[in-house]
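Student: I would like to learn how to read a protein model. Can we take one feature at a time?

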Amino acid sequence: MAEVITLSSAHKMPVIGLGVWRMESNSIRDLILSAITIGYRHFDCAADYQNESEVGEALAEAFRTGLVKREDLFITTKLWNSDHGHVLEACKDSLKKLQLDYLDLYLVHFPVATRHTGVGTTASALGEDGVLDIDTTISLETTWHAMEELVNLELVRSIGISNYDIFLTRDCLAYSKIKPSVNQIETHPYFQRESLVKFCQRHGICVTAHTPIGGAAANTELFGSISCLDDPVIKSLAEKYNKTAAQLILRWGIQRNTVVIPKTSKIERLHENFKVFDFTISDEDMEKIKGIDRKYRTNQPAKFWGIDLYA
């Protein structure tokens with residue numbers, strides 16, 4: 001089994017999980033059941049991924065056949081931008097699709113509310129000018145207090161944020177009654193974000209790294225980005241430790257005390273990505289990886305939204 005991190009909510013989260021973004025619906029069952037067999041106990045989902053129902057079917061089969069018990073899994077999903085004013089309904093919709101009674105972690109997917117398009121629909125509503133139709137009537141504080149109510153209703157065990165910077169994270173800490181357990185952000189050797197990572201950890205917020213190996217082929221295809229997998233420092237160190245570049249990068253993420261959730265659609269990569277607990281990167285080599293930071297974001301939703309929210 002994977003190592004775990006204890007969240008501020010006192011619940012334990014496995015340090016490696018499987019992200020299901022852009023997974024083909026017809027391959028989800030085999031991937032999730034294979035992942036559970038390999039040892040994965042953490043699955044990262046989102047309403048926006050439009051595959052919660054398929055994930056739910058796979059989980060139900062795993063429970064029904066005795067492959068794993070519900071209490072042994074850690075299931076995350078996320079509130080979509082258009083549902084900030086409908087948090088309870090959105091959470092219940094995700095629970096229904098996932099065929100679960102509770103979520104281990106529910107995240108605010110992005111720190112922006114957009115025009116409501118109906119619970120369960122996650123198209124990004126654009127205005128006539130092709131720019132994201134942002135709702136300026138719902139504050140992130142209002143959204144967060146609705147998230148806290150989900151914990152009180154025992155629908156969710158831990159709540160967190162995603163894609164929040166230091167300013168927004170600090171603000172959430174100030175207005176929250178229940179502190180965010182997690183901030184899920186893009187971070188990898190080319191986008192290390194040391195200040196944000198350290199700020200979160202100093203204040204008891206676990207950082208989960210989405211896009212933990214820099215997006216690889218998926219983000220190159222979607223965003224035209226480059227991946228740190230081909231960096232000469234990474235390749236040299238991977239050879240030194242007799243590991244693949246992906247394994248080295250995931251291990252680096254774990255040694256930063258972050259949780260990593262690599263996405264793959266290949267069974268052999270599921271095995272490869274999980275074999276990161278049998279070696280340790282030296283302090284000297286961790287410093288070498290620290291030196292290749294490019295402050296380079298590979299996941300850029302401006303491609304879909306007509307506006308750069310990170311500008």
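Student: Is Asp133 buried, partly exposed or exposed?

Tutor: Keep in mind that this is a predicted model. Buried means under 20% relative accessible area, and exposed means over 50%. Asp133 has a relative accessible area of 27%, so Asp133 is partly exposed.

Student: Which side chain meets that of Asp133 in a salt bridge?

Tutor: General idea: side chains of opposite charge can pair when their charged atoms come close. Here the partner is Arg115, at 2.6 Å from N to O. The two are 18 residues apart, and both sit in the loop between β6 (103-108) and α4. Arg115 is partly exposed, at 38% relative accessibility.

Student: How many salt bridges does the whole structure hold?

Tutor: A search finds 13. Take Arg256 and Glu194, whose closest N and O atoms are 3.0 Å apart. Arg256 lies in the loop between α9 and β10 (259-260), while Glu194 lies in helix α6 (residues 194-202), so this pair ties together parts that are 62 residues apart in sequence. Arg256 is buried, at 10%, whereas Glu194 is partly exposed, at 26%.

Student: What about Lys288 and Asp285: where do they lie?

Tutor: Both are in helix α11 (residues 283-290), 3 residues apart, which is about one turn of the helix. Asp285 is buried, with a relative accessible area of 0%. Lys288 is partly exposed, at 41%. Elsewhere, salt bridges that share partners join Arg29, Asp30 and Glu61 into one network.

Student: How do I read a pair of helices, and at what angle do the axes of α1 and α2 cross?

Tutor: Look at the axes, then at the residues that meet. The axes of α1 (residues 25-38) and α2 (residues 52-64) come within 9 Å and cross at roughly 40°. The crossing is right-handed. Among the residues meeting there are Ile28, Ile32 and Leu33 in α1, and Val55, Ala58 and Leu59 in α2. The contact divides into 8 nonpolar, 1 polar and 3 charged residues.

Key: Residues numbered from 1 in each chain as written. Predicted model: local features only at pLDDT ≥ 70, side-chain atom pairs only at ≥ 80, totals over all residues. Heavy atoms only, no water. Axes fitted to C-alpha atoms, helices over the stretch in contact; angles between N-to-C directions. Helix = DSSP H or I, 4+ residues; strand = E, 2+ residues; numbered from the N terminus. Left-handed = near helix turned anticlockwise from the far one by under 90°. Contact = heavy atoms within 4.5 Å. Nonpolar A, V, L, I, M, F, W, Y, C, P; charged D, E, K, R; others polar. Salt bridge = Lys/Arg side-chain N within 4 Å of Asp/Glu carboxyl O. Buried < 20%, exposed > 50% of the residue type's maximum accessible area, 1.4 Å probe, protein only.
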